[in-house]
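Visitor: Could you take me through how strands and helices are read in a model like this one?

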Amino acid sequence: MSDTLEFLAMPNAPIDEADVLLLPIPLERTVSFKPGTAKAPKAILETTGQLEFYEEDAGWSPFKHIKLSVLPEFTDDRSLTDADFHVSLTEHVAALPTDNLFIGLGGEHSLTPSLVAARMQEPGTVLFLDAHGDMRTSYEGSRYSHACPVTRLLEQGHQIVIAGVRSVYESEVELVENEPRITLFLDWDLRGKGQWESFLQKVNSLKGPVYLSIDMDVFNPAVVPGVGTPQPGGFFWYQMIELLESLFSRKQIDLRGVDVVEIVPEPSRVSEMTAAKLLLKIISFWGSTQGFNLKPQNGSQTQVEYD
Ligand SMILES: [Mn+2]
């Protein structure tokens, strides 16, 4: 049983009963700078054991009411080509129950289009938080590189709202200028109060199906030093909280899925803790918006046996 991954050291709910499905995906194929992202899902989930059940921003204990299941890791079969791996990931996720909050825990950012293909089959909006443009057509010989997910998402027919970017290639700037389906909020532009407010308004006004992809390098490296390709600048913790509050303040939000990617575990474990707490905030804010606080107290926390 020691290989079983858990969130907050709670027993996993049966998949068909779970309100939140969390899929660890230790994908590491195209990392170009700091290796180690394959170790992230396990390191982050182990760190969740240090969180409190009570979530102080929404002011409740979400898992008294919410049932969560951490699924077995979707391990990488290295005999598969990149293309075949991503098809198998999409098929795996598409076969899961859909009446839940789905969270993919990476792993490198190239997994996002495969998760979106499974969870958002009609055109929708991807809110894409990242230090980099991630809009290359291919990179180092692979269309499935962590530098290319935005291009794959455009091919699927989605709108993309990208924020936090502070590293782009010239052809990516040209793509943004010519592609009306991309809305880009450069990190520098978000530093002004007016611009930050208009970004939050944009987040709050997203209509139709929405998918949230969080590359942890969107954060300032002082907050999250352990990422595959760090960049100076970036979000601080309470900016992310404000963003999540804006996203989840609309009760009718049609959130198809979330992913948290690109962590590389590091000795201080600050990065893993930030990712762990971010997962807790996302689940808490989502659950609060969905009215779980009014539902019976038979969530995963109630299954914990204290000694
Ligand atoms: Mn990225």
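Guide: Two strands count as paired if DSSP finds at least two bridges between them, and the elements themselves are DSSP runs numbered from the N terminus, helices (H or I) of at least four residues and strands (E) of at least two. This is a predicted model, in which local features need pLDDT of at least 70 and side-chain atom pairs count only at pLDDT 80 or more, while totals for chains, interfaces and linings use all residues. Residues are numbered from 1 along each chain as its sequence is written.

Visitor: In which sense do E1 and strand E3 pair, and over how many bridges?

Guide: Strands of a sheet pair through backbone hydrogen bonds, either parallel or antiparallel. Here E1 and E3 (residues 101-106) pair in the parallel sense over six bridges, and Ile25 has Gly106 in E3 as its bridge partner.

Visitor: What is the order of the strands in the open sheet?

Guide: The eight strands run E2-E1-E3-E8-E7-E4-E5-E6, with parallel pairing. Strand E2 (68-70) and strand E6 (182-186) stand at the edges with a single partner strand each, so one side of each has no neighbour in the sheet.

Visitor: Which residues of H2 are buried?

Guide: A residue is buried if 20 or more other C-beta atoms, placed from the backbone, lie within 10 Å of its own, exposed if 12 or fewer, and partly exposed in between. In H2, Phe85, His86, Leu89 and Val93 are buried. They cover an arc of only 95 degrees around the axis (taken from the directions from the helix axis to the C-beta atoms), which puts them on the same side of H2. On the other side of H2, Ala83, Asp84 and Glu91 are exposed.
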